[in-house]
Each structure stands twice: as structure tokens, then as C-alpha cells.
Amino acid sequence: MALKYFVTGVAGFIGFHLACRLLADGHVVRGLDAVTEYYDPALKEARLAVLDQHPNFSWVRGRLEDPAAMAEALDGHDLDVWVHLAAQAGVRYSLENPESYISANLVGTQAILEAARARSPRHLMIASTSSVYGGNQKVPFSETDPAHFPVSLYAATKKSGEALSHSYAHLFDIPTTCFRFFTVYGPWGRPDMALFKFVERIERDEPIDVYGEGRMSRDFTYVDDLVEGIVDLASCVPESGKPVGPEGLDSLSPVAPWRVVNIAGGSPTGLMAFIEAVERVTGKVARKNMLPMQPGDVAMTMADPTLLRELVGAVPETSLEDGVRAFVEWYADYRRSR
Ligand SMILES: O=C(O)[C@H]1O[C@H](OP(=O)(O)OP(=O)(O)OC[C@H]2O[C@@H](n3ccc(=O)[nH]c3=O)[C@H](O)[C@@H]2O)[C@H](O)[C@@H](O)[C@H]1O
């Protein structure tokens with residue numbers, strides 16, 4: 001059945017891919033995006049130019065915190081499923097510009113929650129992050145593990161967003177899923193993230209910065225797998241008191257139609273192995289600037305994907321090699337078109 005989706009951050013990396021997929025599936029997509037200058041807005045405009053070709057796509061340029069923009073995006077559209085992806089992203093940048101995390105991720109998320117309170121969507125879906133597991137020692141990271149120790153302001157604001165949404169889900173009966181993403185990568189990716197930075201520098205024969213002396217690992221998730229997870233979860237609307245699977249597995253709230261779900265495959269890759277994959281695909285050996293761990297970074301992420309599998313029957317599985325190749329091919333095309 002064709003649905004009407006509201007996607008915040010629709011000009012962003014993940015919002016763009018999600019919107020493409022939803023439009024291809026025959027849904028209507030209404031977007032909101034402030035097209036901020038955190039990274040080159042030309043990349044966001046290029047994504048929007050692709051989306052704008054689709055008759056079922058429309059969007060509003062504006063901030064979450066601007067009530068007029070929110071009203072313009074929502075009033076009269078009767079949108080079924082809301083996917084809130086707009087955020088100030090980036091772990092390390094949260095030390096440089098903490099205020100933008102407070103305004104986008106806290107004030108902005110609260111604005112979405114108020115809008116949902118007034119308009120009662122069927123399902124509110126909110127992006128969160130593996131960063132919320134912070135200093136946890138236990139791996140893999142399960143949704144039911146305590147996540148009390150964020151090590152960056154980025155993580156702290158994302159964890160707070162989860163908590164804010166729980167209170168609204170409880171008070172106003174808004175079915176809500178928070179999903180935790182794990183270092184998502186792929187074509188049209190973010191220029192502040194490792195893959196984009198590495199490929200850009202390798203192609204220019206510049207050295208790459210390798211943080212943590214290369215001794216870190218990530219549960220890298222290919223963007224199409226992530227989008228598949230979001231699309232599948234859209235129809236898993238949480239209901240109070242109806243957990244899935246064996247007792248203790250589900251993060252479903254005891255007092256609200258609310259749950260949190262990891263979207264990742266549970267197969268971490270070491271940073272040096274990731275760089276080797278980039279070298280194989282580009283056919284070039286990177287010169288490496290070995291640097292200490294950056295403040296705010298976590299040493300490793302690894303998802304427990306059991307709940308995702310229970311809910312939707314599948315978990316991300318695109319190989320790193322295939323995913324990196326798709327990025328490198330896209331990057332070459334994109335550069336040529338500039
Ligand atoms: O899932 C998350 O919780 C987060 O994922 C992402 O954060 P990270 O895991 O830090 O991704 P990413 O930059 O690709 O760095 C990957 C690895 O390369 C290392 N890294 C990075 C850059 C660099 O120049 N050198 C380097 O060694 C780096 O130290 C790290 O070990 C999102 O940005 C964030 O929004 C959030 O959603």
C-alpha cells in the first residue's frame with residue numbers, strides 16, 4: 001500500500017537514499033531540510049536535484065526549530081510515517097561546535113515530537129547512533145544494555161533524543177522506533193566521514209589521517225542495507241506490552257509504544273583492514289599519517305543484530321569490498337560531473 005512519508009534531513013546522505021527507495025516503491029515523500037553548511041552544500045543540492053525529478057517528491061527548506069517551516073512541511077499533508085533523520089552529525093565536530101548539537105539534536109528533536117503530538121502519525125521513527133554505547137565494555141552492543149556513559153556531546157544529544165521521544169510516546173501514545181546506526185557508508189556519503197576523506201585524499205595522492213594508530217574497529221553498515229532496515233521496520237509499529245521474541249530480547253518499553261533497534265550486521269572491521277579494502281579498490285597504496293585517538297571517538301562498535309532479525313527477518317550483509325567499490329565508482333562520476 002502506498003503511504004505518505006515525512007523525511008527530515010532529506011538532503012542528507014541517509015535521507016536521500018531513503019527517499020529514493022521510498023519513491024521507487026511508489027510512496028509519496030515530503031521532506032524537510034535546512035541544507036546547513038556543516039559540509040559542502042553543493043553535495044546536498046546535487047542530491048535534491050535527483051529527488052526533485054520525481055513527481056511524488058516535495059520538500060521545504062528550513063530548520064526543525066523554525067515553527068513556520070515545520071507547519072509548511074506538515075500542514076495539509078496528512079503524512080503517515082515520519083522518519084526523523086535531520087541532525088547535527090559527526091562525533092569529533094561536537095568538540096568544536098557544541099551549540100549546533102544542542103539546537104539541532106535537542107531543540108530540533110523536541111520540535112518534531114511536539115509536531116507529532118499535534119498530528120499523531122502512525123509511526124514516528126527517529127535516528128540514533130551506535131555512539132550512545134559510548135564507553136561500554138560489553139560486546140556485542142544490545143539494545144537492552146545500559147547506555148549511560150556517552151563519550152561525546154554528539155552521543156549525549158542522541159541519547160537524550162531517545163529519552164525525549166520515550167516521554168512523548170508514553171504521554172501522547174505516539175508509536176515510536178529509535179534506530180541506532182553504525183558508521184553508515186556508501187555512494188553520496190558524507191565528506192566528513194572516513195571513507196570519503198580517505199578516497200578523496202588517495203585520489204589526490206595526499207596522505208590520509210589514521211586515528212587511534214589504526215587500532216579501532218567499526219561495524220560498518222552499507223547504506224542500502226540500512227535503508228532496507230528502515231523500510232522493513234516502518235511496518236513494525238511498536239505496541240505497548242507486545243514484545244517480540246524471547247523475554248529480555250526486546251527493548252520495548254513497559255509503559256509506552258516505543259522501542260530502540262540496532263541496524264547493523266554485527267561484523268566489525270578493523271580500521272587498517274578497512275583502509276586495505278579502500279587501497280584494493282582504488283588500486284593505490286595510501287600514505288598514512290598515524291595519529292592518536294581523537295577526543296570523543298570510541299575504540300570499537302559492534303551491534304547485536306538479534307532484535308532486528310527477530311523483527312524483520314534480515315540483517316545488513318553487503319560485503320565491505322562491494323560497498324567500498326560502489327562508493328569509489330560513484331565518487332569518480334560525481335567528481336567528473338563537477
Ligand atoms: O555510527 C555512529 O555512531 C557514528 O558513525 C560515524 O562516526 P564514526 O564511526 O567516527 O565514522 P567515520 O568518520 O567514518 O570514522 C570511522 C573510523 O575511521 C576513523 N577515521 C575517521 C576519519 C579520518 O580522517 N581518519 C580516521 O582514522 C575514525 O576514528 C573511526 O574509527 C558518524 O560520523 C556519526 O555521525 C555516527 O553516526
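Visitor: Over residues 6-231, what percentage of the chain is helix and what percentage is strand?
Guide: The chain is 41% helix and 18% strand there. Helices (H or I, at least four residues) and strands (E, at least two) are DSSP runs, numbered from the N terminus. The end C-alpha atoms of that stretch are 13 Å apart.

Visitor: What does UniProt list for residues 6-231?
Guide: An unreviewed UniProt entry lists them as "domain: NAD-dependent epimerase/dehydratase". UniProt positions are in the numbering used here, feature names are shortened, and annotations may be inferred rather than shown by experiment.

Visitor: What should I know about the model itself?
Guide: This is a predicted model: local features need pLDDT of at least 70, side-chain atom pairs count only at pLDDT 80 or more, and totals for chains, interfaces and linings use all residues. Residues are numbered from 1 along each chain as its sequence is written, and side-chain values use heavy atoms, with hydrogens and water left out.

Visitor: OK, helices. At what angle do α1 and α7 pack?
Guide: About 60°, with their axes 10 Å apart. Helix α1 covers residues 13-24 and helix α7 covers residues 223-234. Axes are lines fitted to C-alpha atoms, for helices over the stretch in contact, and angles run from 0 to 180 degrees between N-to-C directions.

Visitor: Which residues of α1 and α7 make the contact?
Guide: From α1, Phe13, Ile14, His17, Leu18, Arg21 and Leu22. From α7, Val223, Asp224, Leu226, Val227, Glu228, Ile230 and Val231. Contact means heavy atoms within 4.5 Å.

Visitor: How do the residues of that contact divide into nonpolar, polar and charged?
Guide: Nine are nonpolar, one is polar and three are charged. Here Ala, Val, Leu, Ile, Met, Phe, Trp, Tyr, Cys and Pro count as nonpolar, Asp, Glu, Lys and Arg as charged, and the others, Gly among them, as polar.

Visitor: Which residues touch the most other members in the largest nonpolar core?
Guide: Phe179, Phe181, Ile230 and Leu233, out of 71 residues. A nonpolar core is a set of buried Ala, Val, Leu, Ile, Met, Phe, Trp, Tyr and Cys residues joined through side-chain atoms within 4.5 Å. Buried means under 20% relative accessible area, exposed over 50%, partly exposed in between (1.4 Å probe, protein chains only).

Visitor: What does Phe179 contact?
Guide: Leaving aside neighbours within four places in sequence, its contacts include Val83, Met125, Ile230 and Leu233. There is also a second, separate core of 25 residues, with Leu74, Leu113, Tyr168 and Ile174 among them.

Visitor: New topic. Where is Val35?
Guide: Val35 sits in the loop between β2 (28-33) and α2 (41-51). Its phi is near 45°, a positive value in a residue other than glycine.

Visitor: Why does Val35 count as buried?
Guide: Because its relative accessibility is 9%.

Visitor: And Glu213, what is its phi?
Guide: About 55°, positive although Glu213 is not a glycine. Glu213 is in the loop between β8 (208-210) and β9 (217-218). Glu213 counts as partly exposed because its relative accessibility is 35%.

Visitor: Which peptide bond is cis?
Guide: The one from Val139 to Pro140, with omega near -5°. Pro140 lies in the loop between β5 (123-129) and α5 (153-172).

Visitor: Last one. Is Thr109 buried or exposed?
Guide: Buried, with a relative accessible area of 6%. Thr109 is in helix α4 (residues 98-119). Leaving aside neighbours within four places in sequence, Thr109 is in contact with His84, Ala104 and Gly161.
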